[in-house]
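Here are my notes for you, written with the model open on my screen. Have it open on yours too, and read them side by side.

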Amino acid sequence: MAKRKRKARPDADFGPIERQQHAEYVTEQSDLAGVKRQRNVTHDVLATYERRNQITTRQKDAGEAFANSWRKGMLAEVYSTIDLEGVIAIGGDDYTGQEAVYNARQSVHQMVRLLGKPLSDLVIHVCGLGHHAGSWPPLEGARSGEAGMSMLRLSLDQMAHFYRV
């Protein structure tokens with residue numbers, strides 16, 4: 001009795017072409033051999049808020065400055081190996097990898113102390129972790145999106161003043 005040939009796995013269905021026109025996607029190998037996946041690399045909450053005219057460009061730049069410090073301080077949820085050689089110092093100073101990480105963490109801690117307890121938690125939730133303002137746990141409920149956006153605008157204004165954006 002002859003063995004049955006296995007069907008080759010086709011590439012994954014990436015959806016309609018229209019979906020790919022609204023963002024930038026990267027095709028990469030998945031855990032399954034021969035199957036590829038697409039990852040959206042343009043998903044950014046602050047860019048979405050700016051595109052909807054919910055925050056200004058100045059506020060977005062301040063949020064991105066905090067997010068860069070958050071990532072350089074290695075406080076982000078990253079599931080890969082740590083490479084200190086790839087860390088660039090904040091402010092263009094010549095620091096080693098560990099010094100750059102330390103300075104980034106100090107910048108984040110200064111911002112957290114400046115904003116205070118409730119606003120700093122919201123900024124970490126939105127800018128650091130990339131969640132939406134309405135999904136912040138203390139605000140969950142009716143009209144949580146509006147309350148979260150108003151608090152986020154206040155904190156981003158303070159951050160823009162701090163970063164001199």
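The points below go from confidence to salt bridges, then to one helix and a few loop residues.

1. First, some ground rules. This is a predicted model, where local features need pLDDT of at least 70 and side-chain atom pairs count only at pLDDT 80 or more, while totals for chains, interfaces and linings use all residues. Residues are numbered from 1 along each chain as its sequence is written, and side-chain values use heavy atoms, with hydrogens and water left out.

2. The protein averages 79, and 78% of the residues score at least 70. Helices (H or I, at least four residues) and strands (E, at least two) are DSSP runs, numbered from the N terminus. Confidence is lowest in helix H1 (residues 17–20), with a mean of 74, and highest in H3, at 92.

3. Now the salt bridges. The term means a side-chain nitrogen of Lys or Arg within 4 Å of a carboxyl oxygen of Asp or Glu. How many does a search of the whole structure find? There are 3.

4. Take Glu50 and Lys60, whose side chains form a salt bridge at 3.7 Å, N to O. Glu50 sits in helix H2 (residues 45–51) and Lys60 in helix H3 (residues 57–72), so this pair ties together parts that are 10 residues apart in sequence. Are these two buried or exposed? The cut-offs are under 20% relative accessible area for buried, over 50% for exposed, and partly exposed in between (1.4 Å probe, protein chains only). Glu50 comes out partly exposed at 22%, and Lys60 is buried at 14%.

5. Lys60 also pairs with Glu64, in a salt bridge of 3.0 Å, N to O. Both residues lie in H3, 4 residues apart, which is about one turn of the helix. An α-helix has 3.6 residues a turn, so residues three or four places apart point the same way. Glu64 is partly exposed, with 26% relative accessible area.

6. Asp121 and Lys117 make another salt bridge, at 3.4 Å, N to O. They are 4 residues apart in helix H5 (residues 117–128), again about one helical turn. Asp121 is partly exposed at 29%, while Lys117 is exposed at 60%. Back with the other pairs, shared partners join Glu50, Lys60 and Glu64 into one network.

7. The expected span of a helix is 1.5 Å times one less than its number of residues. For the 16 residues of H3 that gives 22 Å, and its end C-alpha atoms are 22 Å apart, which agrees. Its buried residues include Lys60, Phe66 and Trp70. After H3 comes Met74, with a positive phi near 55°.

8. Which other residues have a positive phi without being glycine? Asn53 is one of them, near 60°, and it is found in the loop between H2 and H3. Asn53 is exposed, at 69% relative accessibility. Arg164 has a phi of about 55° and is found in the segment after helix H6 (144–163). Arg164 is exposed too, at 75%.

9. Last, find Glu24 in the loop between H1 and strand E1 (25–29). Glu24 is exposed, with 52% relative accessible area. Glu24 and His43 are 19 residues apart in sequence and 8.7 Å apart in space, C-alpha to C-alpha.

Methods. pLDDT is the predictor's confidence in each residue, from 0 to 100.
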